[in-house]
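Good morning, and thank you for the time.

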Amino acid sequence: MPDRDTNSSMNSHDDTYKCSLGSDDFILVEEIVSGRKTSTVETVQGICFCVKQKLCRTVAMKNVRRRVPILNWLPCYSVQDGLGDIMSGVTVGLTVIPQSMAYAGLAGLPPQYGLYGSFLGTFIYTFVGSCKDVPMGPTAIVSLMTYSTLHGYGPEYATLLCFLTGVIQLAMGVCGLGIIIDFVSGPVSSGFTSAVALLIIASQIKDLIGVHGTGSSLWEMMCSLYRDIDTISYGDTVIGVGCIVFLLVLRVIAEVRIGPADPGQQSCVQKYTNKSFWLIGSIRNSIIVISCTVMSYMFISAQDESFKLPYKIIGTIPAGLPEFRLPQFTMQRNNETIGFFDIMSTMKSNVVVLPLIGLLENISICKAFANGKTVDATQELLAIGLCNIGNSFVQSFPGSGSFSRSAVNNASGVRTPLGGLYTSILVIVALLFLTPYFYYIPKTCLAAVIITAVVFMVEVRVVKPIYRSKKSDLIPGMFTFFACLFLPLEIGVLFGIGLNLTSILYHAARPKISIQEYKTRAGFKYLMLTPDRCLVFPSADYVRNLVTKHSLKRDMPVVIDCSHVYGADFTAAKVIEMLTKDFSDRGQALFFYNLKPSVVDVFRGVKPKELVFYYNKKELDRLLQKSTEQRHTMLQPLLQKK
């Protein structure tokens, strides 16, 4: 390795020329540990040893506790934890019952399927989930993705999609692919979430005003609403708009606080009043749905059988728990058996995109409520994968963690993931005893619940910080936003992620290269080029072209400072081989400074013609003197001829 005097002496000399080329937005560093070459037998022995160690670590108690988090907190469970979990579990249960039925409608399914997805997965997450604030179940984003995947094929397809989503998430977790979520940037995530929120609002307008609307993109929805605008139901519209107004008022009430801002300085009356305000605002969905159901029941009971309702109701919901069985891998449609692969072809790329969206939503919640703790994306993949697989056995559709319910859970004082158990019990009670009363719920009421839940997901507030921080980050965010609005949802999000990755690859392919002329103490002039990152295949030709261009402009020895080059690949090695050959053919010296041993091994693998590297200034003086003498020797015959 070079001593510190080398760089300091170089910088102390007068610079006759300086410039900087390429992108300096990203510096990619790759750690490669050097060592001697190993034989085939040693390699096989090493692989066997690694496999043995991996198996031992897998069954080790430390790893078991990591993958089954309940083993960590259950032994320390206290009475205070139980009281906090019961309170939060019941509060979330009162929120999830109306929400899950509404999200089932958003997915194009009967309301009971939302309830089916709100108890078993929540119970499973209690054992394997790593975040106490996450209540598993139907969510707005995943429900809309489910709707765009099913194409109206029905509940059996939704159950199979739930199973496949869980299997893919579980497989990704087993393979440790939670790192995939790191490739989705904040602007892309915000653009996707905002677009989905607007799509959900547009999809619920039809139920809000009582018309028959279709379509999965914003344009299709707007065109469908325009065609059916003449059939608007004023009864549905009045009830829906009234529900939205009351829900927004109750949301404001939840934020009202009386007395001093510090809870320690508040009186008992002020504390209980503030908690009452918060509780009323938190269970606002249940309050609205129960109120509308009661009024609808009283109104219908007062009419005769020939009376036509001025608004639409949910209708009959099967009572009891769903049958526990495997999803169907073949379907019957129009007296024709549809095989598994034909079903997969109808779902297209959503089978892969939907699990990633579910993970993205879940990880975002975990990070929001982490309180400084690390988030294990791989563990969350395993958890939500198992939850979706479990939900598929009770005829549910895909789900994930919900932002709104997580906020209620956290504010309710949840202490451990066991709060999900009490939420599950409440949903089971609703399925067993309350389904006859769900018959009277107005559809427009559930549409109002969804609209008021997702309208605040439009992340307008992040535009200004992104603009102030880095304007170019708005490009992938805005591109994702409009692509998701006007293209199929899965295509829009893939385009956004693709654009983001393209930006990263561009910066990787265009490293910053500083170019400076130096003079050594012995009086030898040379040109130094310093790339700021690893030499890999996207950037290899770019670096070669720049080195060649500037070396031809200045007929002097060239030094490539490899202090920041921590890794290289085969393509880069071939480029270096061609570069050394070009310099050798025209008699111009090329040296590599501070080349890491591991990188030397990569370069030597292609057997370059002349690979000369050094690590201190004395070596550089000697090499420059030697190259000067060699050049004079080469030019001597030409001078004698003249």
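Predicted model: local features only at pLDDT ≥ 70, side-chain atom pairs only at ≥ 80, totals over all residues.

Residues are numbered from 1 along each chain as its sequence is written, and side-chain values use heavy atoms, with hydrogens and water left out.

Helices (H or I, at least four residues) and strands (E, at least two) are DSSP runs, numbered from the N terminus. Two strands pair if DSSP finds at least two bridges between them. Strand 7, residues 525-531, runs parallel to strand 8 and is joined to it by three bridges. On strand 9, residues 590-593, strand 8 has a parallel partner as well, with four bridges; there Val558 stands opposite Leu590.

How are these strands connected? Strand 7, helix 24 (residues 537-553) and strand 8 make a right-handed β-α-β unit, and strand 8, helix 25 (residues 570-585) and strand 9 make a right-handed unit of this kind too. Right-handed means that, with the strands pointing away from the viewer, the path from the first strand over the helix to the second runs clockwise.

In a regular strand the side chains alternate between the two faces of the sheet. Strand 8, residues 558-561, is covered on both faces: Val558 and Ile560 on one side, and Val559 and Asp561 on the other, are all buried. Buried denotes under 20% relative accessible area, exposed over 50%, and partly exposed in between, with a 1.4 Å probe and protein chains only.

I turn to the rings. Those of Phe, Tyr and Trp (its six-membered ring) pair if their centres lie within 6.5 Å; planes under 30 degrees apart count as stacked, over 60 as edge-to-face and the rest as tilted. The count comes to 17 aromatic pairs. One of them, Tyr297 with Tyr440, is edge-to-face, at 5.0 Å centre to centre and 85° between the planes. Tyr297 lies in helix 14 (residues 284-301) and Tyr440 in the loop between helix 19 (419-438) and helix 20 (443-454), so this pair ties together parts 143 residues apart in sequence. Tyr297 is partly exposed at 42%, whereas Tyr440, at 18%, counts as buried.

Tyr593 and Tyr614 form a tilted pair, 5.1 Å centre to centre with 35° between the planes. Both of these tyrosines are buried.
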